[in-house]
Amino acid sequence: MSNTDAAPAELACVASPFAGVLHPREVPLGGPRAIRVRRTLPQRERSLIGAWCFADHYGPHDVRGGKGMDVPPHPHTGLQTVSWLFSGEVEHRDSAGVHAMVRPGELNLMTAGAGICHSEVSTAATTVLHGVQLWVALPDSDRDTGRDFAHYVPQPSTVAGATLRVFLGELAGDRSPVHTFTPLLGAQIDLDPGAHLTLDVDPAFEHGVLLDEGTVEVGGTALAVADLAFEAAGADCLEVVNRGHSPARVVLLGGPPFPEQLVMWWNFVGRSHEDIAAYRQMWEDHDGRFGAVQGYQGAVSRLPAPPLPNATLRPRPNPGV
């Protein structure tokens, strides 16, 4: 998914001493008449959870009136995109020649590496669109790797009071086979009414719990929809409580603190202003670094890059790492 902000802010992505709950802001996806998404990462208070550097939550949107997802071809560098749906269907096309469908409970992970472009369009059969779109920053040693794509359907497993779908990493004895370039955890957790769930987690990981629906507390703090509760590394268990009389659902993210300084602007992850400016110019110049998407039928053939800000993009010091 693209960051379609017309004037994206400079974001120097680093760890920070912040601990607590991150609240989302709403942004349009694909223009002011398109669906709106709730963006929780990145923020100035906290821009990374492990290598997770971007989190959008959207829906449930009734798209029968035609206002579905339609994101024209757009570029990415230095990251992996993670698409995860609760309902609906999205057609993915990319410049590696991949044509795939994103469906509920099925992981689609695209590796941008040195450069890729892709489009995302909800299908005509979709009546309700609901899910999350996540990005993972690649470490410097792998940020220029080749384009790639992985698809995985995790089997649900049950623990006391909850059902887990582990799409990346390992949790409660379930392990995803999908390759990532840093250790990561990604899982959907469906909580029974009144469930009090205590999960054993890796103490080397920091964690984020994103609420999709329900009345949920994490570490004794109540969350609203699309809130992201952050837990610093060091704890070996995580408590998630459903205080409601109906089922609840969260997405759990985790990873060890990311040790590198990043500069993220629009759809690019780099290490310096010069990186970002070069990527932007190459996209505008139709450079072969990004390739081309075949088969996209939208009215706009590709998203133009926004103008760079009138200031040098600089990474900030990386406290605590």
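UniProt annotations may be inferred rather than shown by experiment. The structure described here is a predicted model.

In its unreviewed entry, UniProt lists His 74, His 76, His 118 and Glu 120 under "binding site". These residues span 47 residues in sequence, yet no two of their C-alpha atoms are more than 13.4 Å apart, so they gather at one spot. From this set, Glu 120 is part of the lining of the largest cavity.

Buried means under 20% relative accessible area. His 118 has 1% relative accessibility, so this residue counts as buried. Glu 120 has a relative accessible area of 3% and is therefore buried. The side chain of His 118 also makes a polar contact with the side chain of His 74, at 3.0 Å.

The model also contains an open sheet. Seven strands form this sheet, in the order E3-E4-E5-E12-E7-E10-E13, and their pairing is antiparallel. Strand E3 (25–28) and strand E13 (148–152) stand at the edges. Each has a single partner strand, so one side of each is left without a neighbour in the sheet. From one strand to the next, the twist averages 20°.

Within the sheet, strand E7 (residues 79–87) pairs with strand E10 (residues 107–111). The pairing is antiparallel and runs over four bridges. Gln 80 has Thr 111 in E10 as its bridge partner.

How values were computed. Residues numbered from 1 in each chain as written. Predicted model: local features only at pLDDT ≥ 70, side-chain atom pairs only at ≥ 80, totals over all residues. Heavy atoms only, no water. 1 Å grid on protein atoms, 1.4 Å probe; cavity = no way out; pocket = protein on both sides within 12 Å on 5 of 7 lines; lining within 4 Å. Buried < 20%, exposed > 50% of the residue type's maximum accessible area, 1.4 Å probe, protein only. Polar contact = N/O pair within 3.5 Å; in protein donor to acceptor, adjacent residues only side chain to side chain. Pairing = 2+ DSSP bridges. Helix = DSSP H or I, 4+ residues; strand = E, 2+ residues; numbered from the N terminus. Axes fitted to C-alpha atoms, helices over the stretch in contact; angles between N-to-C directions.
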